[in-house]
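User: I have a model open and would like to go through some of its contacts. Can we take them in turn?

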Amino acid sequence: FIPKQFNDNKKTKFASLKIYINLKTKCLSKHSYFTKKLEVMELKNRTDEELVRLYAQDNNCAFDELLNRHKNRVFAYIYSATKDEDMANDLFQETFIKVITTIKDGKYSEKGKFTQWINRIAHNVVVDSFRKEKSDKTISNEEFGFDLLNNPKYCDDGLEEYWLKENVLNNLVKLLDELPETQQNILRLRF
């Protein structure tokens with residue numbers, strides 16, 4: 001499966017094989033399947049950072065290897081945070097779309113490890129989805145025929161109002177104590 005020109009000398013067979021693997025051919029021949037297999041096998045020995053560089057240079061097999069290495073861990077993290085398989089699948093896809101666009105735009109910097117970087121992206125995607133979900137649950141005044149948000153009946157009392165009510169209640173209790181006992185009983189039964 002290796003062309004004859006690359007297989008003449010046994011000592012240079014391995015070096016020639018590497019050169020052959022790195023050649024970019026667009027033609028489909030009987031050797032292209034095997035070439036792809038050899039390229040994938042060689043990519044398994046590369047570091048994540050090397051694979052990122054190769055993917056940035058349009059080697060899609062390098063991204064396939066990155067995806068295969070990290071997909072289970074990233075999906076498990078997203079699923080453990082969401083507890084919803086459909087949502088986890090959507091967020092997983094969004095995570096890798098962000099990874100792809102960042103690498104292709106040349107914005108990926110090798111300051112840290114790829115694993116930590118992709119985990120941070122997954123975490124941010126999960127947090128963003130929870131924020132979006134939370135903001136979708138807000139109530140709008142336009143949905144009702146009256147002003148729901150500025151209605152004191154639906155608002156918590158402030159400290160000043162609490163003290164005012166407490167004072168009024170204490171004054172009522174003092175006034176109630178000054179009434180005759182029969183009138184006190186009537187008011188207590190009534191209110």
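User: Which residues does F114 touch, not counting residues up to four places away in sequence?

Analyst: This is a predicted model. F114 is among the residues of the largest nonpolar core that touch the most other members. Leaving out residues up to four places away in sequence, F114 touches D48, E49, V52, L66, H70, V99, I103 and Y108.

User: Are α4 and α5 oblique or parallel to each other?

Analyst: The axes of α4 (residues 60-82) and α5 (residues 85-104) come within 9 Å and cross at roughly 140°. Angles over 145 degrees would count as roughly antiparallel. The two helices, α4 and α5, are therefore oblique.

User: How many residues of the contact of α4 with α5 are nonpolar?

Analyst: On the α4 side the contact includes F63, L67 and V74, and on the α5 side it includes L91, F92 and I100. The contact residues include 3 polar and 2 charged, while the number of nonpolar ones is 13.

User: Is I100 buried, partly exposed or exposed?

Analyst: I100 lies in helix α5 and touches Y55 and F63, not counting residues up to four places away in sequence. Buried would need a relative accessible area under 20%, and exposed one over 50%. With 27%, I100 is partly exposed.

Key. Residues are numbered from 1 along each chain as its sequence is written. This is a predicted model: local features need pLDDT of at least 70, side-chain atom pairs count only at pLDDT 80 or more; totals for chains, interfaces and linings use all residues. Side-chain values use heavy atoms; hydrogens and water are left out. Axes are lines fitted to C-alpha atoms, for helices over the stretch in contact, and angles run from 0 to 180 degrees between N-to-C directions. Helices (H or I, at least four residues) and strands (E, at least two) are DSSP runs, numbered from the N terminus. Angles under 35 degrees count as roughly parallel, over 145 as roughly antiparallel, 65 to 115 as roughly perpendicular and the rest as oblique. Contact means heavy atoms within 4.5 Å. Ala, Val, Leu, Ile, Met, Phe, Trp, Tyr, Cys and Pro count as nonpolar, Asp, Glu, Lys and Arg as charged, and the others, Gly among them, as polar. A nonpolar core is a set of buried Ala, Val, Leu, Ile, Met, Phe, Trp, Tyr and Cys residues joined through side-chain atoms within 4.5 Å. Buried means under 20% relative accessible area, exposed over 50%, partly exposed in between (1.4 Å probe, protein chains only).
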